[in-house]
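Here's a quick look at one corner of a model: a few strands, and then a pocket. Have the coordinates open as you read.

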Amino acid sequence: MRKQDNKYIWILLTVCFFSLILFLGNALFNTKGEPREAVVALSMLKYGNWILPVNNGVDIAYKPPFFHWCIAVFSLIAGHVSEFTSRLPSAVSLIAMVIVGFKFYAKRSTPRLAFLAALVTLTSFEIHRAGTNCRVDMVLSALIVISLYQLYKWGERGLRGIPFAAILCMSCAFLTKGPVGIILPCMVTFVFLWIRGAGFGRLLIKFAAVAAASCILPACWYVAAYRQGGDTFLRLVYEENVLRFLGKMSYSSHEEPVYYNFITVIAGYVPYTLLVLISLFALKYRRISGKPAEWWRRLCAYIKGMDDARLFSLLSIVLIFVFYCIPKSKRSVYLLPIYPFIAYFLAEYIVYLSERHRAVIRSFGYVLSGLAVLLVVTLVCVRMGLVPETVFSGRHAAENIAFMRALATARLGFMQIVAIAAPLVAGLLFWYLRRKSSRTQIYAMTALIFSIFFSLDGFYTSTVLNVKSDKPVAMRIKEIVGDRRIYIYYERTPKHNPMRPFSINFYLNDNVVPFEAVMPRSGYVIAGDDAIDSFRERYPDYRVVEVADFNHKSCDDKRMVHLYNVARR
């Protein structure tokens with residue numbers, strides 16, 4: 001590796017530490033998604049079952065265990081499962097994807113362009129959010145993207161030898177979220193090599209062998225899991241991997257129209273979406289001439305004339321995007337594997353703008369600087385009491401008032417002050433450097449974007465979202481109940497499907513069990529404010545006494561949380 005590449009890698013690692021690792025554990029779990037994954041790892045460590053652990057008393061995980069294994073290993077080192085150790089696999093995966101991506105493009109374009117592409121990847125909203133969340137999607141995406149890079153390198157060698165790194169990554173991707181972790185890398189690389197003239201039959205044999213080899217490790221786990229879970233496990237696998245793709249699941253799961261994927265990618269690349277939008281007013285447009293057939297021929301000729309790395313990147317974007325347009329189930333995080341490849345083309349475009357339309361970069365920097373100033377000014381006004389609570393109205397008024405109060409009363413230590421001030425400093429720096437060389441201008445712009453993320457992670461996001469967390473309620477329940485088992489009851493109606501209290505259960509060390517699964521003679525029951533009448537009607541032989549009304553809306557299901565003591569009459 002060249003010395004210049006080493007310099008870029010160390011800079012990237014430093015940026016990754018400050019943008020991903022430093023504040024990773026600041027925010028408490030405040031949605032149902034993160035503790036739902038974390039509690040699986042907690043269950044592994046608590047009960048010693050690393051194959052098919054049961055959490056919430058009755059649930060087996062909906063996804064294969066690689067992500068949960070990673071959490072469990074980090075938690076073993078740390079001594080316990082926490083928000084930090086639960087999110088660490090996502091952050092480490094993103095760092096690995098960025099570094100491997102830099103090395104891939106540095107060799108096939110220029111280190112400067114590869115470095116910029118890595119920075120763009122790190123500072124896009126959707127990637128940053130996924131890299132700091134306890135969800136499987138970032139780990140899956142990193143494994144898919146690294147597999148794509150490794151299969152490309154295998155293609156450069158004429159498909160000679162065995163792509164061990166790609167096979168290992170695809171095996172882990174399969175063990176993270178199913179066969180899609182093998183299908184996507186093989187599909188994209190197969191099409192790329194076929195377009196570049198490789199024989200279809202040879203490609204089919206080679207990739208079939210690689211896919212089969214990638215299934216060996218997952219098959220070992222599936223056999224072991226089936227021995228524990230039996231037909232229940234098989235039905236879950238079939239629904240999650242087959243029926244989800246066909247849109248025939250027993251429950252509705254993120255069903256969206258095709259245009260939803262376009263919207264999520266545009267939104268996911270904030271703030272660079274704004275840069276592209278501004279640039280549209282600076283470009284010169286030529287009149288389109290010729291017939292559609294001629295346009296198509298020119299497009300095909302342009303694509304075929306691309307260098308291999310650019311064509312491979314384009315195919316990765318298009319094929320993966322189209323693949324995820326097929327199933328009814330659509331989520332923004334499904335498209336994460338295309339983000340590093342989009343970043344490469346965005347990096348090229350940013351370099352072009354800095355050389356031909358520098359006013360666009362300056363305008364974009366001015367907008368970001370204005371947002372940075374507005375953020376700090378708003379915080380000062382809130383902390384000085386200049387923003388009345390009456391500005392909030394409607395159904396979310398109480399929650400928004402709680403957010404504002406949290407910002408007004410939050411303790412400001414050294415790191416919080418640094419986080420708040422960072423965008424102002426970066427904005428001033430951009431203003432000073434705005435007319436320097438194109439390279440300096442680009443780095444000042446990315447530093448400004450990074451500083452905004454740094455500020456949000458270091459102070460604003462955790463301060464606001466911690467208000468929603470169920471952890472304080474869980475700690476109060478623990479004071480009342482101790483380490484005893486607690487039961488949960490939800491009304492079973494079409495409107496209110498039963499759902500596990502993932503957040504409270506995580507913070508209570510996986511001690512919460514559905515009431516109907518045990519039917520105890522007596523005990524403590526957690527129930528929403530709309531469910532206790534249903535409980536009395538369904539179980540008339542139980543005496544019910546309210547122990548505590550926590551005056552808190554659960555972040556899992558948005559219902560007010562109550563604790564009751566029940567006993568059979």
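## Ground rules

This is a predicted model, so to speak plainly about cut-offs: local features need pLDDT of at least 70, side-chain atom pairs count only at pLDDT 80 or more, and totals for chains, interfaces and linings use all residues. Residues are numbered from 1 along each chain as its sequence is written, and side-chain values use heavy atoms, with hydrogens and water left out.

## Strands around β7

Strand β7 (residues 560-568) runs antiparallel to β5 (residues 522-528), with 7 bridges joining them. Strands here are DSSP E runs of at least two residues, helices are H or I runs of at least four, and numbering starts at the N terminus; two strands pair if DSSP finds at least two bridges between them. β7 also pairs with β6 (residues 542-553), again antiparallel, over 8 bridges.

Elsewhere, R543 sits opposite A567 of β7. The β6–β7 hairpin leaves 6 residues between its strands, and K558 in that turn has a positive phi of about 65°.

## The second largest pocket

This pocket holds about 510 Å³ of space. A pocket is an open set of points on a 1 Å grid over the protein atoms alone, where a 1.4 Å probe fits, with protein on both sides within 12 Å along at least five of seven lines; lining residues have an atom within 4 Å of a point. Points join across faces, edges and corners, and the volume is the space filled by probe spheres set on them.

There are 14 lining residues, with R395, A398, E399, K553 and M560 nearest the centre. α18 (397-409) and β6 each supply at least two of the lining residues.
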